[in-house]
Amino acid sequence: MQQSDKTARQLYEEAIASGAGRAFGFGKRPALINVDFQNAYTRPGDYGSAYEGHPRQIEYVNELASLVRSQGGPVVWTYIAYSATGEDCGVWNIRANSPDAIQNMKVGSARSELDARLQINRERDVLLNKRMASAFFETHLGSLFTFHKIDTVIVTGGSTSGCVRATVVDSLSRGFRTIVPEECVADRHESPHFANLYDIALKYADVIPTAQVIEHLRNRTTVKENAT
C-alpha cells in the first residue's frame with residue numbers, strides 16, 4: 001500500500017490533472033438522478049445531519065433537470081423516509097438512535113421533504129423514496145431506464161461518500177456511462193468527499209465540471225432543435 005502525506009483533495013486534484021483514465025463520455029440518451037436533496041441534508045441551519053455544498057449546487061441541479069427534461073429523459077429525485085416505527089429501516093437502524101439518525105427521517109416529516117428550492121416537475125419527474133444507499137437498490141430505475149433507452153446517467157446530490165457513490169457504482173454496474181458534475185455533489189467533510197471523488201473518477205464515472213455537463217446538454221438541445 002502506498003503512503004502519502006497529501007490530503008484527499010490533493011490526491012483528487014492530481015488525478016484529475018493527470019487525466020484520471022480514459023473518459024466514458026456521453027451516450028445518446030441521458031437520465032438524471034438527484035440523490036437525497038431533502039431538508040435533512042440541505043438545511044444546515046435546521047438539522048444536524050445537513051451539510052453545505054457548492055454555493056450554486058441547487059441552481060446547477062435545477063438547470064441540469066430542465067435540460068434533461070427538455071430532451072425527454074427521466075429526471076429522478078430520491079429521498080429517504082421511513083415509517084413511524086422506523087422498522088422498515090432494517091439493519092441500518094442499529095448504527096445510531098439520535099434525532100438525526102437515518103431511521104428518524106419519517107414519511108411526511110419536514111426532514112424527508114425535498115428542498116423547496118428545487119424546481120421539480122411533479123407531473124413528470126420521478127420521486128423515489130429509496131430505503132438504502134443506492135438509488136438502484138430494489139427500485140424500478142433499471143426497468144425505467146431500459147424503457148427510455150437510457151445509456152448515460154448523470155448523478156448529483158449527497159453524500160459523495162455514501163448514497164452518491166453507491167448510486168454511481170450501481171449505475172456503472174448496469175452498463176451506463178456515468179457522469180458526476182463536480183460542483184453538484186457534497187459531503188459533510190471535505191476529506192471523505194474528495195477521497196470518494198478520487199475513487200469515482202479513477203474507476204466508476206467521469207467527474208467533470210458542471211459547466212461542461214451543461215454545455216454538452218445545451219448543445220444536444222440545439223442540435224435537436226435544428227434537426228426539427
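In which loop does aspartate 36 lie?

Reply: Happy to. A word on the basis first: this is a predicted model, in which local features need pLDDT of at least 70 and side-chain atom pairs count only at pLDDT 80 or more, while totals for chains, interfaces and linings use all residues. Residues are numbered from 1 along each chain as its sequence is written, and side-chain values use heavy atoms, with hydrogens and water left out.

Aspartate 36 lies in the loop that links strand S1 (30-35) to helix H2 (39-42); helices (H or I, at least four residues) and strands (E, at least two) are DSSP runs, numbered from the N terminus.

Leaving aside neighbours within four places in sequence, aspartate 36 is in contact (heavy atoms within 4.5 Å) with Tyr41, Thr78, Tyr79, Ile80, Lys130, Gly158 and Cys163.

Two of those names lead on to serine 112, which touches Tyr79 and Ile80, among others. Serine 112 sits in the loop between S2 and S3 and is buried too, at 4% relative accessible area. Its side chain reaches the backbone oxygen of serine 109 at 2.9 Å, and a polar atom of that side chain lies 3.1 Å from the backbone oxygen of lysine 106.

Tyr41 takes us to the largest pocket, where Tyr41, Trp92, Ile102, Ser159 and Arg188 lie nearest the centre among 20 lining residues. On a 1 Å grid over the protein atoms alone, a pocket is an open set of points where a 1.4 Å probe fits, with protein on both sides within 12 Å along at least five of seven lines; lining residues have an atom within 4 Å of a point. This pocket holds about 400 Å³ of space, the volume being that filled by probe spheres set on the points, which are joined across faces, edges and corners.

Definitions and conventions:
Buried < 20%, exposed > 50% of the residue type's maximum accessible area, 1.4 Å probe, protein only. Polar contact = N/O pair within 3.5 Å; in protein donor to acceptor, adjacent residues only side chain to side chain.
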